[in-house]
Structures are given as C-alpha cells and as structure tokens.
Amino acid sequence: MTKTRLKLVSPATVNRTVTPLRRPNAELRPREHLTEREVEKLVKAAKGNRWGQRDSTVLLIAFRHGLRASEVCGLQWSDVEFESGTLHLRRAKGGATSTHPLLGDELRALRELKREAKSPFIFVTERGAPFSTSGLAKMVERAGVEAKMPFKVHPHMLRHATGYALANKGTDTRTLQAYLGHRSIQSTVRYTELAPGRFKNLWR
C-alpha cells in the first residue's frame, strides 16, 4: 500500500492576499499630457466650484511654469514679487532654482487670492493648511470630471503640457530645459521630439 504524504500549508500562506497589479498608464489614458485647449477647459471648470479662485489659480500657475505637485504645494507668498511680476522657484529633484516672469492674468489671480491670505503658503485648504500633493491630485481629478475630460487627469499632466506647448512654439531645447528645471537634457528632448509644430510647412 502506497503511503500518501500530506503537505502542511501554513496559515500565513492560506490567508495571503494577492495585490492586484496596477493597470498600465496607457490603459488608463491615451497620453500623459494635456493640450493647451484642455488646460483652458480645466481652468474654466475649476473656476465654477466653491473654491474656484484658488483652484483655477493652482491650475494656471502649475501649467504656465511647468511645476511638479510638490513645487506647487510649496509655493509661498515670499516667492512672488508683484512689483517686478516675477515668481521665484525652488525646483524639486535637484533641479536648478530659477525666476520666471508672471503674466497679467496670473498676477491678477494671485492678487485676488492675496487679499484674503492668512498663511505664508499661497495655496491652502479650507482649514488654512498648505495643500498636500494628495489633496492637489484630488482637486485636479475633480476638475477633470467637471470639464468632462474623457480620461482621468493628474497634476503631472500639467507639467507635461507645459513642455509640449513650449516645444511646439519653437522654444529651443536648452531654454526649455532651464525653464522646466530638468537636470538632464534627455528629460527635455522628448517634448521637442513629439512636438507636431516641427513638421509644420514641410509640404509648402
């Protein structure tokens, strides 16, 4: 008679749960950047909510200056010079600090926020605490839903939108690298490589 050997299975093995794999970004959305027109729709949609001035200004500033989520949340009033119309940026990931010009619509939006400011941080929650990156992500996602975007929107898409928009306007790679605060130019090249404007007038 053949003896059957039983294999003991530990309770830890039985109760182990398998974490579902995250779906690839390509399945969640067709691309990782927004167009200028889509950013405009996002800003307009955000303006209509209860905290519209704050939310629309967040989106506008993040796009115009190609900011990462942590850079947006870390902005303080001391970084803004209303007299000279400039914004002082401290880049994350070892990027170089820089000073960007602020356009008229940005200055107007910031001045309106400044009138009721009680915190050294520019963008704050209802309780007056600085925006967190997760809070920013939720706000951007809500704005995307309100704007009826066909895919889920996240903050870093605004930074990518900056790169593609400026590359398509003919901004040279070195200037674009400095503007976005990239340490490596390889991070910048992808914007110029995919800019449709570089093929304009080929069939004149």
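Axes here are lines fitted to C-alpha atoms, for helices over the stretch in contact, and angles run from 0 to 180 degrees between N-to-C directions. Helices (H or I, at least four residues) and strands (E, at least two) are DSSP runs, numbered from the N terminus. The model is a predicted one, where local features need pLDDT of at least 70 and side-chain atom pairs count only at pLDDT 80 or more, while totals for chains, interfaces and linings use all residues. Residues are numbered from 1 along each chain as its sequence is written, and side-chain values use heavy atoms, with hydrogens and water left out.

Start with helix H3 (residues 36–47), which packs on H7 at about 100 degrees, the axes being 8 Å apart. That makes H3 roughly perpendicular to H7 (65 to 115 degrees; under 35 is roughly parallel, over 145 roughly antiparallel, the rest oblique). In contact (heavy atoms within 4.5 Å) are Leu42, Ala45 and Ala46 of H3 with Ala143, Gly144 and Glu146 of H7.

Next up is helix H4 (residues 52–64), whose axis comes within 11 Å of that of H7 (residues 133–146), crossing at roughly 95 degrees. H4 is thus roughly perpendicular to H7. Here Asp55, Val58 and Leu59 from H4 meet Leu136, Met139, Val140 and Ala143 from H7.

Then there is helix H6 (residues 104–114), with Glu106, Leu107, Ala109, Leu110 and Leu113 buried (under 20% relative accessible area, with exposed over 50% and partly exposed in between; 1.4 Å probe, protein chains only). Down the axis of H6, these buried residues fall within an arc of 165 degrees (taken from the directions from the helix axis to the C-beta atoms), so they line one face of the helix. They pack against H4, strand E1 (80–81) and strand E3 (98–101).
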